Amino acid sequence: MTKQEALFEYCLRIGDTGVVLGQRLGEWCGHGPVLEEDIAMTNIALDLIGQARGFLTYAGEVEGKGRSEDDLAYMRSDREYRDVLLAEQPNGDFAVTMMRQFLISAFYHHFFQALTKSKDSTLAALGEKSLKEVTYHLRHSRDWMLRLGQGTEESRRRLLAALDELWTYTGDLFDMDTVDELLVREGIGVDLKSIRPLWEHTVRETFTEAEIPYPADSFMQRGSRDGRHTEHLGHLLSELQILHRSIPNAQW
């Protein structure tokens, strides 16, 4: 694998996660528990789509085959997508959505901090821009961990159920393969082994304050690096891509 091929794959992983998680949060538009939260989730979704645009545009430039951000987002199958498994999980109730957001935001907060030091100036700039947004995403979702964990018996029950449902997908966040190893050696990519203890500290600290237990080691679902996803991604992409595939090259 060449450095160019690895960089293309790397950008897809970050961009695809933004596309998928942004689409998931967009499903809440008009259905939030209160108006303010409806708007907040929509704004986070827009942030994520904006991040995805940056990374997918760069991926197209690196690939050098003339594919745009739209081509990469709308014209690839689920097996070609590289989003982390956690991002594609269904919204469930509000506790599931907030737990998913917290676990991913905690990861990307530390990831983008590290990416700002990349020797690739474009990745470093994208990391810096994304870090400003994900810092808010983390603060927002962390606040909901505390509210739900310390709230009513029902809110706590739902939060614990959400954690039990989603925790098995967190191991996928930290898997590293030849793409990561090559780019880490070049000083371009982020060493996920160094990110994991930072993420664990953030999660443990928040769970302690929210008075919910940190899960014990358990089986982890994996496969996103190789395009092996849960059954949920295909359904999500069918909704996301239907207009672009039905009316190719349509313009507003």
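## Salt bridges

The side chains of Arg13 and Asp180 form a salt bridge, with N and O 3.0 Å apart. This pair joins distant parts of the chain, since Arg13 belongs to helix 1 and Asp180 to helix 7, 167 residues apart. Arg13 counts as buried because its relative accessibility is 7%, and Asp180 counts as buried because its value is 4%. The model is a predicted one.

Arg13 also has a salt bridge with Glu9, where the closest N and O atoms are 3.8 Å apart. Glu9 and Arg13 are both in helix 1, four residues apart, about one turn of the helix. Both of these residues are buried. A network of salt bridges links Glu9, Arg13 and Asp180 with Arg82, Asp177 and Arg225.

The structure has 18 salt bridges. One of them pairs Arg222 with Asp175, the closest N and O atoms being 2.7 Å apart. Here too distant parts of the chain are linked: Arg222 is in the loop between helix 8 and helix 9, Asp175 in the loop between helix 6 and helix 7, and 47 residues separate them. With a relative accessible area of 39%, Arg222 is partly exposed.

## A buried charge without a salt bridge

Glu37, in helix 2 (residues 35-63), is buried but forms no salt bridge. The nearest side chain of opposite charge is that of Arg147, 5.4 Å away; a salt bridge requires nitrogen and oxygen within 4 Å. Apart from neighbours within four places in sequence, Glu37 contacts Phe94, Met98, His140 and Trp144.

The largest nonpolar core has 77 residues, and Met99, Leu103, Phe111 and Phe207 touch the most other members. Helix 4 (residues 94-115) supplies the largest share of this core, 14 residues. Not counting residues up to four places away in sequence, Leu103 touches Leu86, Leu166, Trp167, Thr170, Leu173, Trp199, Val203 and Phe207.

Helix 4 also holds Gln101, which counts as buried because its relative accessibility is 1%. With residues up to four places away in sequence left out, Gln101 touches Leu21, Leu25, Ile44, His137 and Ser141.

## Aromatic pairs

There are 15 aromatic pairs in the structure. Tyr10 and Phe111 make a tilted pair, 6.4 Å centre to centre with 35° between the planes. Tyr10 and Phe111 are both buried.

The ring centres of Trp167 and Tyr214 are 5.2 Å apart and the planes are at 80°, so this pair is edge-to-face. Trp167 lies in the loop between helix 6 (153-166) and helix 7 (178-185), and Tyr214 in the loop between helix 8 (192-210) and helix 9 (231-246), 47 residues apart. Trp167 counts as buried at 7% relative accessibility, whereas Tyr214 is partly exposed, with a relative accessible area of 21%.

Ring pairs join Tyr10, Phe111, Trp167 and Tyr214 into a cluster that also includes Phe55, Phe102, Phe107, Tyr108, Phe112, Phe174, Trp199 and Phe207.

## Charges over rings

Arg204 lies over the face of Tyr214, 3.8 Å from the ring centre. Arg76 lies over the face of Tyr81, at 4.5 Å from the ring centre.

Key
Residues numbered from 1 in each chain as written. Predicted model: local features only at pLDDT ≥ 70, side-chain atom pairs only at ≥ 80, totals over all residues. Heavy atoms only, no water. Core = buried A, V, L, I, M, F, W, Y, C linked by side-chain atoms within 4.5 Å. Buried < 20%, exposed > 50% of the residue type's maximum accessible area, 1.4 Å probe, protein only. Helix = DSSP H or I, 4+ residues; strand = E, 2+ residues; numbered from the N terminus. Contact = heavy atoms within 4.5 Å. Lys, Arg positive; Asp, Glu negative; His and termini not counted. Phe/Tyr/Trp six-rings, centres within 6.5 Å; stacked < 30°, edge-to-face > 60°. Lys NZ or Arg CZ within 6 Å of the ring centre and 35° of its normal.
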